[in-house]
Amino acid sequence: MKNCIVLAIILCMANALTLANCKVHAKKLHLRKTKIVGFEWKNCGEPEAPAVLSTLDLSPDPIVIPGDLAATASGSTTVELAAPLSLNMTLEKEVAGFWVKIPCLEDLGSCHYPDACDLLTQVIPPGQDCPEPMHTYGLPCHCPFKAGTYSLPPSDFYIPDTDLPYWLTNGNYRIQGVLGAMGKELGCLKIALSLHSNDRN
């Protein structure tokens, strides 16, 4: 379901806004300490959209990388979500009071992914158990996702030290993800946050 896909995306974003280990080969900078501040989210799909995220709580604020993250989430879908599931991501940065769209660079940024199911397969190969705590709570991490309601109880994660693409600098960001299939929008999520980091080498 979209909850699983969105969780994967959000937790990777929390892991410094990269699709961590999703075969992104851009030049990267090492950040000694990164903070994600003011994380906010909302659904942006039609009222009758099949897939919605009902709740998502991340703490602490700011989220410190590397560091601990507590998360809880719930969502639902009224239809089965099966491949191919298109995913359109739009990433914008605030520059001098204006929002500037960041283009798709090395499969990161404002990109169109023909199949989000394939992205999940790259992160979690078939036959491999879903990562914790999804495995413990029986949450799926591969397509297809059956119609239904899913929830992630309060869970603790550790976000390791992370490398960022060289162009992902400090500032305010907006991210929108639109999930679709067969030309129909299935769900939409908007995220806003600020990225702050100190020493780079």
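Predicted model: local features only at pLDDT ≥ 70, side-chain atom pairs only at ≥ 80, totals over all residues.
The structure has four disulfides. With the bonded cysteines of the protein numbered in sequence order, they pair up as 1-8, 2-3, 4-7 and 5-6. One of the links joins Cys104 to Cys111, with the sulfur atoms 2.0 Å apart. This link of Cys104 and Cys111 is right-handed, at 100° about the S-S bond.

Another disulfide ties Cys117 to Cys143, and here the sulfurs lie 1.9 Å apart. The torsion about the S-S bond is about -85°, so this one is left-handed. It links distant parts of the chain, 26 residues apart: Cys117 belongs to helix α2 (residues 116–123), and Cys143 to the loop between α2 and β9 (148–159). Cys117 is buried, with 6% relative accessibility, while Cys143 is partly exposed at 24%.

Cys130 and Cys141 are also bonded, their sulfur atoms 2.0 Å apart, and this link is left-handed as well, with -90° about the S-S bond. Both cysteines lie in the loop between α2 and β9, eleven residues apart. Cys130 counts as buried because its relative accessible area, 17%, is under 20%; Cys141 is buried too, at 1%.

On the surface, Val95, Phe98 and Val100 make up a nonpolar patch with about 290 Å² of accessible area together. Val100 falls in strand β7 (residues 98–101) and is partly exposed, at 41% relative accessibility.

Key. Residues numbered from 1 in each chain as written. Heavy atoms only, no water. Patch = residues over 30% accessible without salt bridge, like charges linked within 9 Å, V, L, I, M, F, W, Y side chains within 5 Å. Areas by Shrake-Rupley, 256 points an atom, 1.4 Å probe, with all protein chains shown as cover. Salt bridge = Lys/Arg side-chain N within 4 Å of Asp/Glu carboxyl O. Helix = DSSP H or I, 4+ residues; strand = E, 2+ residues; numbered from the N terminus. Buried < 20%, exposed > 50% of the residue type's maximum accessible area, 1.4 Å probe, protein only. Disulfide = S-S within 2.5 Å.
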